[in-house]
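Look through the structure below before reading on.

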Amino acid sequence: MKDTLTQMYQRLRSVERTRVYIYILVYFVWGVLMNYIGILTEIAKFTHWWQIVPTYIFYMVPISILLKEYNFFTQYAYGLVAMGVLEFGGYALQTSYIYPNNILDRIFGSHVFALGMALFFAFYFPLGNTIVNKFYHHIIDKK
């Protein structure tokens, strides 16, 4: 277990700073936009706006970096586990707010909300890695 954690730490430390900055920017903007869309559509939102930082930057960015070498479906599968824990925890601890009778509840039922959100947000990891790669190569190729 210690070796695995050491390897994960080394993988995180080996990422180029430029790439890390792109991850932070992309995921922060993504978090702000998704929270805003959640409020606008009255589906769900963070209880406090600043929760975007620990969720998207301190939780999702490192997971994305650790998953970036895997194929799309493996990233999605691991991302589903990571987002399941996050979604369950957010709603259980009431750090996220679900609007009552929102459109997803009306379509799928209220008992599957966290599962639906985890299934949706697990796509962040493979899509985020693709977006960051494109930005990174665009910036590096221009140098």
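How many aromatic pairs does a search of the whole structure find? The search finds 13 aromatic pairs. The model is a predicted one.

**Tyrosine 70 and tyrosine 78**
- The ring centres of tyrosine 70 and tyrosine 78 are 5.8 Å apart, and the angle between their planes is 45 degrees, so this pair counts as tilted.
- Tyrosine 70 has a relative accessible area of 37%, which makes this residue partly exposed.
- Tyrosine 78 is partly exposed too, with a value of 47%.

**Tyrosine 91 and phenylalanine 113**
- The rings of tyrosine 91 and phenylalanine 113 have centres 5.5 Å apart; their planes are at 70 degrees, so the pair is edge-to-face. The cut-off for this class is an angle over 60 degrees.
- Tyrosine 91 belongs to helix H4 (residues 72-92) and phenylalanine 113 to helix H6 (residues 113-121), so the pair ties together parts 22 residues apart in sequence.
- Tyrosine 91 counts as buried because its relative accessibility is 16%, and buried means under 20%.
- Phenylalanine 113, at 6% relative accessibility, also counts as buried.

**A cluster of rings**
- Which residues do ring pairs link into a cluster? They are Tyr23, Tyr27, Trp30, Phe46, Tyr56, Phe120, Phe121 and Tyr124.

**A charge over a ring**
- Arginine 19 is placed over the face of tyrosine 136. The distance from the ring centre is 3.9 Å.

Note on methods. Residues are numbered from 1 along each chain as its sequence is written. This is a predicted model: local features need pLDDT of at least 70, side-chain atom pairs count only at pLDDT 80 or more; totals for chains, interfaces and linings use all residues. Side-chain values use heavy atoms; hydrogens and water are left out. Rings of Phe, Tyr and Trp (its six-membered ring) pair if their centres lie within 6.5 Å; planes under 30 degrees apart count as stacked, over 60 as edge-to-face and the rest as tilted. Buried means under 20% relative accessible area, exposed over 50%, partly exposed in between (1.4 Å probe, protein chains only). Helices (H or I, at least four residues) and strands (E, at least two) are DSSP runs, numbered from the N terminus. A charge sits over a ring if NZ of Lys or CZ of Arg is within 6 Å of the ring centre and within 35 degrees of the ring normal.
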